[in-house]
Amino acid sequence: MELGIIGLGKMGFNMAERLRLAGHKVVGFDFNKDATAKLTASGSLGVNSLEELASNLSAPRAIWIMVPAGDPVDQTIAKLEPLMQKGDTFIDGGNSNYKDTQRRHAEAAAKGFNFVDCGTSGGVWGLAEGYSLMIGGDKEPVERLTPIFETLAPGKAEGWGHVGPSGSGHFVKMVHNGIEYGMMQAYAEGFSIMEAKTPLNLDLTQISHIWQKGSVVRSWLLDLTAAALDKNPTLDGLEAYVPDSGEGRWTVTEAIDLNISAPVITEALMRRIRSREENNFTDRMISIMRGAFGGHDVKKEAPKA
């Protein structure tokens, strides 16, 4: 089966490789010509324009879009539409907001195109492990693209599924990422508690490996944590700055709108945001209030040299 891919970052390239190795034809485009050259060198076809991408795929075309959420997706679709025919399919495999996805689906349908949303998890490990695919959209294009999904997933009948109508794939991926925030925060807090218990001289790397087998907290996320600790057990050279892709925020907003209590995901998001604050004003306010009502000592910054 044929597939066009737009966006040949590490994840997009690895997806192309997984498809190529299974015998699918892949045509890829990226604004980075080195990325397209690398794709061609690997055995697929890297092209340097959207026109070349469309002309090298036979109808009905399927083009997988792997670009940042928001306006880049709309711009990509707008540039592709004049090059495509009715019945062709756009697949948004990025982390788009499901409300944007529903809008794009309606706009595409009005012009005779199909639009499928595919929440994609697996990161840089997808080439070897396969990708978890949460798919939303109309039944016909999803069924037609089944060979693609089966190849990208960990197995033909596992790790992927058509979860519902347009937007549902990105909605499920949004919640998936919210859960991920909570899991990461729990692991981080647990390891921090052990690291702070200096009299016990705990080996965090050893403990991470112990938990990998038989423990109720074992997970792939723990496996990755253990591998990272193997390389850098004291986290030397790392800043306490944690970005977010936006999906945790959307999950919290949806929880509020649905009147669902989600304190763990919400707090995990707040901790990420707080990690970016230098000389945290909130904590300084708390310190000065404690000093005001209780006479507690207020720790002051050291004089600048």
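A residue is called buried when its relative accessible area is under 20%, and exposed when that area is over 50%. By this criterion, 42% of the 305 residues of the protein chain count as buried. The structure considered here is a predicted model.

The overall form may be taken up next. The protein chain contains 14 helices and eight strands, and its C-alpha atoms fill a box of roughly 75 × 45 × 40 Å along the principal axes. Among the contacts in the protein chain with a separation of 6 or more, 64% join residues 24 or more positions apart.

Two residues illustrate the two ends of the accessibility scale. Thr-251 belongs to helix 12, which spans residues 247-257. Because its relative accessible area is 8%, Thr-251 is buried. When residues up to four places away in sequence are set aside, Thr-251 touches Met-174, Val-175, Gly-178 and Ile-265.

Phe-281, by contrast, is located in helix 14, which comprises residues 281-294. Its relative accessibility is 54%, and Phe-281 therefore counts as exposed. Phe-281 also takes part in a nonpolar patch on the surface, together with Met-285, Ile-286, Ile-288, Met-289 and Phe-293. The accessible area of these residues together is about 650 Å².

Conventions. Residues numbered from 1 in each chain as written. Predicted model: local features only at pLDDT ≥ 70, side-chain atom pairs only at ≥ 80, totals over all residues. Heavy atoms only, no water. Patch = residues over 30% accessible without salt bridge, like charges linked within 9 Å, V, L, I, M, F, W, Y side chains within 5 Å. Areas by Shrake-Rupley, 256 points an atom, 1.4 Å probe, with all protein chains shown as cover. Salt bridge = Lys/Arg side-chain N within 4 Å of Asp/Glu carboxyl O. Helix = DSSP H or I, 4+ residues; strand = E, 2+ residues; numbered from the N terminus. Buried < 20%, exposed > 50% of the residue type's maximum accessible area, 1.4 Å probe, protein only. Contact = heavy atoms within 4.5 Å.
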